[in-house]
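I opened my notebook to look up two things.

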Amino acid sequence: MTAAPAKTQSSAPTTKAGKAADYLDQRTGIGVAVKEFARKVFPDHWSFMLGEIALYSFIVLILSGIFLTMFFVPSMGLTTYHGPVATMDGTQMSEAFASTLRLSFEVRGGLLMRQIHHWAALIFVAAMVVHMLRIFFTGAFRKPREINWVVGFLLLVLGLLAGFSGYSLPDDVLSGNGLRITDGVVKSIPIIGSYMSYMIFGGEFPGSDIIPRLFTVHVLIVPALILALVAVHLVLVVVHKHTQYPGGGRTDKNVVGFPLFPVYTAKAGGFFFVVFGVLALMGGTLSINNVWNYGPYDPSPVSAGAQPDWYMLFLEGSLRLMPGQTEYVIGGYTLSLNVLVPAAIIPGLLFVFLALYPFIESWVTKDTQPRSVLDRPRNVPTRTGLGVAFITAFVVLVLAGSNDLIATHFHMSINTITWVFRFAFFIAPVLAFWVTKRICLGLQRKDRELVLHGHEHGRIVRTEAGEYFEVHKPLNEQERWLRVNYEAHAPLALDEQPYHEDGTKNRKYRSAKLRSALSRFFYEDRIEPVTLAELEAAHHHEPHEIADGSDESRQQLS
Amino acid sequence: MKALAARRHHRFAPVVLIMLALLVTGAVYAALAPSSAQAEDAVTTADDIEHGAALFQANCATCHGVDAVGKADAPSLIGVGAAAVHFQVSTGRMPMQSNAPQAPVKPVQFDEKQTMQLAAYIASLAPGPEIPSAEAVDPTLGDPARGAALFSTNCAMCHNAVGAGGALSEGKYAPALWNTTPTQIYEAMITGPQSMPVFNESNITPEEKRDVIAYVVAQRDGTPGGENLGSLGPVSEGLWAWILGIGVLIGAAVWIGAKSS
């Protein structure tokens, strides 16, 4: 990078601020970066700010987290609590739990900070999920953004890890139950499971090492990785330029919007304070994770309604749904499929699908063009259907993880609920896929109809010859652009033969066959956008059915 | 007197005397003996028992049988004690009005006096757990910290960590304890209503029961951090994070995004 051109004496700044900026620029060359960023153009849409919610909650997490580390003692050493919490007075507990009570009740503003931190954590992960859904359903992960999708996916995984490690730190009964489940899941891994459990906990569960270890993970390793990946994530957004919704004049090669400065700096800066404000309000008025209700960790009790935070609830649900008879003892060794399948294999499949989806889609489309104009979800029915199916499976697992609360609040039998969810986990996503795809195709057909015949106008006209027809108002250019400017991929043809001409087996055949089959699954049912020829034919065929609805034409017709 | 003196050597005289002595002893014992309930101002009288029996015949005998020995669908009440009757009737669970996985709480049907009369009647059939005294259930005399430890080992697995209630199998449930009186909590522990196990004196001593009551009652003061969201733990917190938190923030994003476009 070359330095900014040397300033001549005549253009030297005269104001104080100008001089200070010039001083900084001459020594750091920051002017280039500021110029570049300030003029960066961003398109305007509310859904482009979902990632910002996650970013800002992360900043709130760091700020409130720093405060908490000043008072938290990450130790499993035993102590006897004496303090303002009457229900815990004189109870033996770990230093971690006692310091959590102290920072909640004896440090000024401590409980507020703790509650803001926890709410911010729930919102952080939720905002990442919502942001990811926006990216998924609009196809913002397509070339050249596949890598950034993976970065975002890793951020989500790190977010879960940050949440889980932090949730466990107070060393209360509820989070201890969560650690016990983690221990069980690790132990269910064949052969290496028990060794890994001993490694993680520094001996038999719960040991005395896990809280200090989780502390390091929670305040050092995971936040550092998240910060680094957030930087990569944002740099890639700048490098790729932002995507934009379809509309007149928007192409894969331009960006229509406003420059970062001053519009977006003001908006984004303001939004940070909105996020901080909402989190502070929640932290100030809604209690969260009252650890003194659960008491210090003791491996024996488990209370009713013991669940993890929402982002781990799907794992809890998966475990609750799995029938327990699938534990086998083979030659003296236990194979706990009842834990391994729901807690490792099912989430593994869900996460692999998430991570790989952009690559699967580009494989079945053979699309090599960079795509910066977003898809309307209806124009990619199979992707939209798959997304909704994924959400459905996730929601079924979350509900299954809350089955006891559903039972008590809706006066139902927990056994029935569990059985319904066992079937729903397999059936509901398929049904959701099918319904969503049909709705998308229906919406596309409606779009086609609109483009070809215009808006219904409600005005019935009789011609001199006695013929009746309804006047349709044609779409304006913007409306038409939105509905015709998309690409309907066709299924890939199978162009490989099982055998070469010399009779040897074609090694590429199986992969090509799979690719073609998958492509057929994705794009067999599709609605092509209206072509110019079709549009003209429609106009030509029924000339008087298309009228622009202006007074002039009305007079002509009536 | 002459007539009496003439008969004092009658051969039935000793029998009559013994009968009279027994009668007097019994009457004096009945008057002076400590009232069987550790209780209480309300001394049960034969009158109470009689009224209780009438109430029982009118309201309970259909299911529990005229002699309270139970029928196919309702258990025998012989030996369940006054505490069980008081718990079931004063929480509205009995008389049960519809078939459900377990008797639900509903508006109370009898006033305190009638409830005590019913309890007296059942207690008169056979001895059983008695209604605790006011002192035995006074939360201010209990130690909430010891109660917390006892509650989390013995109660929380069904009633939730702070007594917000929880699910049991096949539509049964452990109810929330927010509105249960200290006396009812004590009675539930000693009688084990519905699916609840009995916590007898060797399991949880009377003092410990009072500690548990102190812990449960302490939960009614609210939470220091604000609204308790039902004290249901992470599921309700997650619901609030999504509906209120994400809802408001997306609303703000729509507002900011709509301003210039």
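I start with a term. A cavity is a set of grid points where a 1.4 Å probe fits but cannot get out, and its lining residues have an atom within 4 Å of a point. Helices are DSSP runs of at least four residues, numbered from the N terminus. I also note that this is a predicted model.

**Entry 1: cavities overall**

I searched the whole structure. I found 6 cavities of 30 Å³ or more. I looked further into two of them.

**Entry 2: the largest cavity**

I read its volume as about 150 Å³. I counted 19 residues in the lining of this largest cavity. Which of them lie nearest its centre? I noted Asn293(A), Tyr294(A), Ser231(B), Leu232(B) and Gly233(B). Next I checked the elements. Helix H11 (291–294) of chain A and helix H11 (234–258) of chain B give two or more residues each to the lining of the largest cavity. I then sorted that lining by class. I got 7 nonpolar, 11 polar and 1 charged residues.

**Entry 3: the second largest cavity**

I put the space in the second largest cavity at about 100 Å³. Its lining has 15 residues. Nearest the centre I listed Asn379(A), Val380(A), Pro381(A), Phe522(A) and Tyr523(A). Which element supplies the largest share of this lining? I found that H14(A) does, with 3 residues. Helix H14 spans 381–401 in chain A, and helix H18 spans 509–523 in chain A. Each of these two helices supplies at least two lining residues. By class, I recorded 6 nonpolar, 4 polar and 5 charged residues for the second largest cavity.

**Entry 4: two domains of chain B**

I moved on to chain B. The domain assignment gives domain 1 as 46–125 and domain 2 as 135–223. I noted that their C-alpha centres lie 23 Å apart. How many residues of each domain are in contact with the other? I found 13 residues of domain 1 of chain B in contact with 14 residues of domain 2 of chain B.

The size of an interface is often given as the accessible area lost when the parts come together. I looked that value up. Domain 1 and domain 2 of chain B bury about 1100 Å² between them. Of this area, 55% is on carbon and sulfur atoms. On the domain 1 side, Phe87(B), Pro101(B) and Gln102(B) lose the most area to domain 2. Together they make up 51% of what that side buries.

Last, I checked for salt bridges across this interface. The rule finds 0 between domain 1 and domain 2 of chain B.

Definitions and conventions:
Residues are numbered from 1 along each chain as its sequence is written. Chains are lettered from A and ligands numbered from 1 in the order in which they are written. This is a predicted model: local features need pLDDT of at least 70, side-chain atom pairs count only at pLDDT 80 or more; totals for chains, interfaces and linings use all residues. Side-chain values use heavy atoms; hydrogens and water are left out. On a 1 Å grid over the protein atoms alone, a cavity is a set of points where a 1.4 Å probe fits but cannot get out, and a pocket is an open set with protein on both sides within 12 Å along at least five of seven lines; lining residues have an atom within 4 Å of a point. Grid points are joined across faces, edges and corners, and a volume is the space filled by probe spheres set on the points. Ala, Val, Leu, Ile, Met, Phe, Trp, Tyr, Cys and Pro count as nonpolar, Asp, Glu, Lys and Arg as charged, and the others, Gly among them, as polar. Domain bounds come from an automatic or database domain assignment. Contact means heavy atoms within 4.5 Å. Buried area is the accessible area (1.4 Å probe) that two parts lose on being put together, summed over both. A salt bridge is a side-chain nitrogen of Lys or Arg within 4 Å of a carboxyl oxygen of Asp or Glu.
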